[in-house]
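Subject: Structure handover

Hello,

Here is the structure I promised to pass on. Please open it first, then read my notes below.

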Amino acid sequence: MERSFETQVGQAVDAWLAWLPRWEPANHRGRIAPCRRCFGSPVLSAAGLGSDVPHGVQHGLSTRVKTIVDHAVAEYTSRNLPMLQTELEQQAARNRRRSYRPAEGLEPEFEGMPLDPEPEPGAPFLFTLTGLAAEEDAAIPALPPLSDAAKAALRQEVGLADDYANMIGREVCAVLLHHRLRIQAAVAEYVEPQVAAMLDDLSRSLDAPFDPRDPGPLAS
């Protein structure tokens, strides 16, 4: 029997709570572009994870909840949208022909995150994971083109799938509201102390920007 959304969301939150004690602040430069999965996400709003919560903490939960929605949409598509299902199956078969798939099989905390760090100005990368994956993809023949009528029918089915995804997303967010207290309690226990410690370190470095052992220029 298919698990209810209440059960699935509860298990997703449980898994995220089990991971959260292992979270540590990133020690690299932040990315300029916002995460398309997390920026303005209704899932994070329902969970009570605002913009003051580090993105790594947000991403692990939003990805787990997105998996629930994706699974429901996949089931709906397989039952009701034959053209879209065929297109997805053909694309999946094409993807399986690639021997290098760096974005697949990742843990929820990393799924959907950029494969490569932000480049340093004046220091280009010799290669990137994204570039290697693109080269692999370019070597595989594209899918056969669709007729105009087929494209129109496919767009209609994609619209139906999007509508269904939005409906399921609202249901999942309604369930997620019931987990807000334990989500916020875990953030207060495991995340906020680390953020506060980082801010304290930054404050001390700004208050004492020079080496205290260096007396500086002598007064004349």
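A salt bridge here is a side-chain nitrogen of Lys or Arg within 4 Å of a carboxyl oxygen of Asp or Glu. Keep in mind that this is a predicted model.

Salt bridges

By this rule there are 7 salt bridges. Some of them join up: Arg 98, Arg 101 and Glu 104 form a linked network. Within it, Arg 98 bridges to Glu 104, with the closest N and O atoms 4.0 Å apart. Is Arg 98 buried or exposed? Arg 98 has a relative accessible area of 12%, so it counts as buried.

Another bridge pairs Arg 37 with Glu 111, at 4.0 Å from N to O. This pair ties together distant parts of the chain, 74 residues apart. Arg 37 lies in the loop between helix 1 (5-19) and helix 2 (42-47). Glu 111 lies in the loop between helix 4 and helix 5. Arg 37 is partly exposed, with a relative accessible area of 23%. Glu 111 is partly exposed too, at 28%.

Then look at helix 3. The side chains of Asp 70 and Lys 66 meet there in a salt bridge of 2.6 Å, N to O. Why are these two about one helical turn apart? Because they sit 4 residues apart in helix 3. In general, an α-helix has 3.6 residues a turn, so residues three or four places apart point the same way. Asp 70 is partly exposed at 37% relative accessibility. Lys 66 is partly exposed at 32%.

Helix 4

Next, helix 4. It covers residues 82-96, which is 15 residues. From first C-alpha to last it reaches 21 Å, close to the 21 Å expected at 1.5 Å a residue.

Which residues of helix 4 are buried? They are Leu 84, Gln 85 and Arg 94. The cover over these buried residues includes helix 3 (55-80), helix 5 (129-138) and helix 6 (148-176).

Arg 94 is placed in helix 4. Its relative accessibility is 11%, so Arg 94 counts as buried; the cut-off for buried is under 20%. What does Arg 94 touch, leaving aside neighbours within four places in sequence? Its contacts are Asp 137, Ile 140, Pro 141, Ala 142 and Leu 143.

Over to you.

Best wishes

How values were computed
Residues are numbered from 1 along each chain as its sequence is written. This is a predicted model: local features need pLDDT of at least 70, side-chain atom pairs count only at pLDDT 80 or more; totals for chains, interfaces and linings use all residues. Side-chain values use heavy atoms; hydrogens and water are left out. The expected span of a helix is 1.5 Å times one less than its number of residues. Buried means under 20% relative accessible area, exposed over 50%, partly exposed in between (1.4 Å probe, protein chains only). Contact means heavy atoms within 4.5 Å.
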